[in-house]
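Here is my note for you, as numbered points. Please have the viewer open while you read.

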Amino acid sequence: MTARIIDGKAFAEKVRAHVAEDVLAVKSKYGITPGLAVVIVGEDPASQVYVRSKVKQTAEAGMNSFHFEMPSDTPEAALIAKVQELNADPRVNGILVQLPLPKHMNEATVIETIVPEKDVDGFHVINTGLLAIGDKKAMVPCTPLGCLMMLQETLGDLSGKKAVVVGRSNIVGKPMAQLLLNANCTVTIAHSRTADLKAEVMAADIVVAAVGRPEMVPGSWLKKGATVIDVGINRIPAPELGEGKNRLVGDVDFASAAEVAGAITPVPGGVGPMTIACLLRNTVTATCRQNRIDL
Ligand SMILES: Nc1nc2c(c(=O)[nH]1)N[C@@H](CN(C=O)c1ccc(C(=O)N[C@@H](CCC(=O)O)C(=O)O)cc1)CN2
């Protein structure tokens, strides 16, 4: 293996330590305790794990943590009423509704109910629009923000780099491309209809893979020395670990990619931990903006 491993777990720990210092400062200087409310609907096991981590890490950073669980058959109107209640609650500075929502709910309708200044996920159209015009007041989606931080830590200034984002979802691909553009990269967004995906990836100094297809990008597609950020979290059968066992893999074939890349994030332990660290960071940012505090 030649690539440097970008340790998202260690980086996330540093971000969380910094967040905890900021929380202490907000408390001691202004008597305000930042608060994050997390709402989960249904029993999806992976979502429950992520929400438990969010709740735990919020409290560990010294913030108030509010946690609401609603059954999977909750009417959309009841979830909207809960979000409206949280919008009006002065103890709550950030609101996060865990995705995916059950099929009978419209995610966009629910997200647009969150007031943009408490939208710590950065999914509201107002925040999407602010990011698109490069306005620093945008609340930036946590996964792309974590990816950008790891890229800047690895490469320094990103100006002039050729970046390809594989995947065009609203929560990762599109905001990631926007952030890279705002950092002066030359950005390509590739997707399922891209004519020659290999050629697009091969041309890039930075590859962000966010398609949700296990090990889709092989090392043979990469430019030598490229920096690879793997957003994928895919559970695949692993009979070698025992009957019925699974293992986690990314969207990049790590073994072959690590032979060619200059630096690469692992799965697990790469982008995932940074997502939650950036959520905590966004909650402190939201608290400061709501109270017109400069730290
Ligand atoms: N409202 C939101 N919903 C979802 C988001 C989001 O940012 N906001 N992102 C994902 C899930 N997610 C956070 O919610 C998340 C996913 C993965 C991890 C993580 O740390 N993964 C570990 C592996 C954990 C495992 O074993 O499964 C890793 O990569 O090391 C954190 C957060 C969808 N929903």
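Over how many bridges do strand S5 and S6 pair in the parallel sense? Point 2 has the reply, after a word on conventions.

1. Conventions. The model is a predicted one, in which local features need pLDDT of at least 70, side-chain atom pairs count only at pLDDT 80 or more, and totals for chains, interfaces and linings use all residues. Residue numbers start from 1 along each chain as its sequence is written. Helices (H or I, at least four residues) and strands (E, at least two) are DSSP runs, numbered from the N terminus.

2. Strand S5 (residues 162–166) and S6 pair in the parallel sense over 5 bridges, where pairing requires at least two bridges found by DSSP between the strands. Within this pair, Lys162 stands opposite Thr186 in S6. Both strands belong to an open sheet with parallel pairing and the order S1-S11-S8-S7-S5-S6. Contact here is between residues whose C-beta atoms, placed from the backbone, lie within 7 Å. Angles run from 0 to 180 degrees between N-to-C directions, and axes are lines fitted to C-alpha atoms, for helices over the stretch in contact.

3. Asn184 sits in the loop between helix H7 (173–182) and strand S6 (186–190). Its phi is near 70°, a positive value in a residue other than glycine.

4. The sheet of 3 strands. Here the order is S3-S2-S4, again an open sheet, and the pairing is parallel. Strand S3 (64–70) and strand S4 (94–97) are at the edges with a single partner strand each, so one side of each has no neighbour in the sheet. On average, and with direction ignored, neighbouring strands are turned by 15° against each other. Strand S2 (residues 35–41) pairs with S4 in the parallel sense over 4 bridges, and Val39 stands opposite Val97 in S4. Helix H2 (residues 45–60) lies across S2 and S3 and runs at about 165° to S2.

5. Helix H6 against helix H10. H6 (residues 142–155) and H10 (residues 271–290) pack with their axes 8 Å apart, at an angle of about 105°. That value makes H6 roughly perpendicular to H10 (65 to 115 degrees counts as roughly perpendicular). H6 brings residues including Cys142, Leu145 and Met149 to the contact, and H10 brings residues including Val271, Met274 and Asn282. By class, the contact has 10 nonpolar, 4 polar and no charged residues. Nonpolar covers Ala, Val, Leu, Ile, Met, Phe, Trp, Tyr, Cys and Pro; Asp, Glu, Lys and Arg are charged; the others, Gly among them, are polar.

6. The ligand shell. The ligand is surrounded by 19 residues, of which Tyr50, Leu99, Pro268, Gly272 and Thr275 are the closest; a residue is near a molecule if its C-beta atom, placed from the backbone, lies within 6 Å of it. H2, S4, H6 and H10 each supply at least two residues of the shell, with H10 giving the most, 4 residues. The shell divides into 13 nonpolar, 5 polar and 1 charged.

7. Two cis peptide bonds. One joins Leu99 and Pro100, with omega about 0°, and Pro100 lies in the loop between S4 and helix H4 (107–113). Another runs from Val267 to Pro268, with omega near 0°; Pro268 is in the loop between strand S11 (263–264) and H10. Leu99 and Pro268 are both among the closest residues to the ligand.

8. Record annotations. UniProt (unreviewed entry) places "domain: Tetrahydrofolate dehydrogenase/cyclohydrolase catalytic" at residues 6–121, a span that is 50% helix and 16% strand, its end C-alpha atoms 24 Å apart. The unreviewed entry also gives "domain: Tetrahydrofolate dehydrogenase/cyclohydrolase NAD(P)-binding" at residues 141–290; this span is 36% helix and 19% strand, with end C-alpha atoms 18 Å apart. UniProt annotations may be inferred rather than shown by experiment.

Technical notes
Angles under 35 degrees count as roughly parallel, over 145 as roughly antiparallel, 65 to 115 as roughly perpendicular and the rest as oblique. Two residues are in contact if their C-beta atoms, placed from the backbone, lie within 7 Å.
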